Amino acid sequence: MRNQIRAGSFTGTGAAFHLEVGFIPTALLLYNITDGNICQTWFDGMTAANSFQGANHASTQFSVITANGITRFEGEAPGRTLTGLLSFTDASATVSGSGTSFLVELRVGDTIRTPAGREYTVSAIASATSLTISSPAVGAEANRICVRRQGRSPGVTIGTTMSVAARVYRFIAIR
């Protein structure tokens with residue numbers, strides 16, 4: 001196996017998400033650089049959603065967390081069915097969802113395919129149930145099961161503890 005190191009940053013959304021680095025790391029170091037008050041360390045083989053956490057709190061500086069931590073992510077093939085139902089309004093670029101997880105399952109640039117065979121590119125994601133497509137919908141489609149055309153490369157799933165909305169995080173992934 002070839003050793004690899006990836007470093008980067010992301011901005012939290014308030015939702016858990018997949019951090020794709022192109023491989024499953026053997027170790028991940030993750031830091032909140034906006035507040036400087038929390039960091040997590042994770043090693044492959046740890047129980048799902050666990051990590052070692054350092055926090056700037058008087059009562060708990062270092063601990064093992066057992067929820068909302070980090071989990072290995074194997075990646076996904078293209079053609080994944082999205083959670084929930086999507087609704088497209090004719091001539092509108094706004095897409096609404098019911099029971100959807102847009103913040104977790106989609107990212108800007110992804111292509112959504114509807115049952116009618118129409119494809120739309122995601123240009124912005126406002127919430128778990130609202131997004132914008134790059135051009136207005138052609139025809140109305142209500143409460144549809146849709147497919148994400150892009151696959152996902154391997155990495156880790158970051159829990160909500162390290163995905164606070166509008167906070168910037170830096171990471172180092174090592175294999």
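Biologist: Let's start with N68: what does it count as at 39% relative accessibility?
Modeller: At that value N68 counts as partly exposed. The cut-offs are under 20% relative accessible area for buried, over 50% for exposed and partly exposed in between, using a 1.4 Å probe and protein chains only.

Biologist: And where do these numbers come from?
Modeller: From a predicted model, where local features need pLDDT of at least 70 and side-chain atom pairs count only at pLDDT 80 or more, while totals for chains, interfaces and linings use all residues. Residues are numbered from 1 along each chain as its sequence is written, and side-chain values use heavy atoms, with hydrogens and water left out.

Biologist: Which strand does N68 lie in?
Modeller: N68 is part of β6, residues 62–73. Helices (H or I, at least four residues) and strands (E, at least two) are DSSP runs numbered from the N terminus. The phi of N68 is positive, near 60 degrees, and N68 is not a glycine.

Biologist: What about the phi of A91?
Modeller: A91 isn't a glycine either, but its phi is positive at about 70 degrees. A91 sits in the loop between β8 and β9 (94–98). With a relative accessible area of 61%, A91 is exposed.

Biologist: Zooming out, how many helices and strands are in the protein chain?
Modeller: The protein chain has one helix and 16 strands. Its C-alpha atoms fill a box of roughly 55 × 40 × 25 Å along the principal axes. Of the 175 residues, 35% are buried.

Biologist: What share of the contacts join residues at least 24 apart?
Modeller: That's 65% of the contacts between residues at least 6 apart in sequence. Contact here means heavy atoms within 4.5 Å.

Biologist: OK, sheets. In what order do the eight strands of the open sheet come?
Modeller: The order is β7-β14-β10-β11-β12-β9-β8-β13, with antiparallel pairing. Two strands pair if DSSP finds at least two bridges between them.

Biologist: Which strands stand at the edges?
Modeller: β7 (80–81) and β13 (141–144) do; each has a single partner strand, so one side of each has no neighbour in the sheet.

Biologist: How many bridges do β11 and β12 pair over?
Modeller: β11 (residues 119–127) and β12 (residues 130–133) pair over four bridges, in the antiparallel sense. In that pair, A124 stands opposite T132 in β12.

Biologist: Where is S87?
Modeller: In β8, residues 85–88. S87 counts as buried because its relative accessibility is 17%. Leaving aside neighbours within four places in sequence, S87 is in contact with T94, V95, S96, E141, A142 and N143. A polar atom of the S87 side chain lies 2.9 Å from the backbone nitrogen of N143.

Biologist: Changing topic: what volume does the largest pocket have?
Modeller: About 390 Å³. Here's how that works: on a 1 Å grid over the protein atoms alone, a pocket is an open set of points where a 1.4 Å probe fits, with protein on both sides within 12 Å along at least five of seven lines, and lining residues have an atom within 4 Å of a point. Grid points are joined across faces, edges and corners, and the volume is the space filled by probe spheres set on the points.

Biologist: Last one: what is E76 in contact with?
Modeller: Beyond its neighbours within four places in sequence, E76 contacts H18, R148, G151 and R152. E76 is in the loop between β6 and β7, and is partly exposed at 22%. Its side chain makes a polar contact of 2.5 Å with that of R148 and another of 3.1 Å with that of R80. A polar contact is a pair of N or O atoms within 3.5 Å; within protein, one must be able to donate a hydrogen and the other to accept it, and residues adjacent in sequence count only if both atoms are side-chain atoms.
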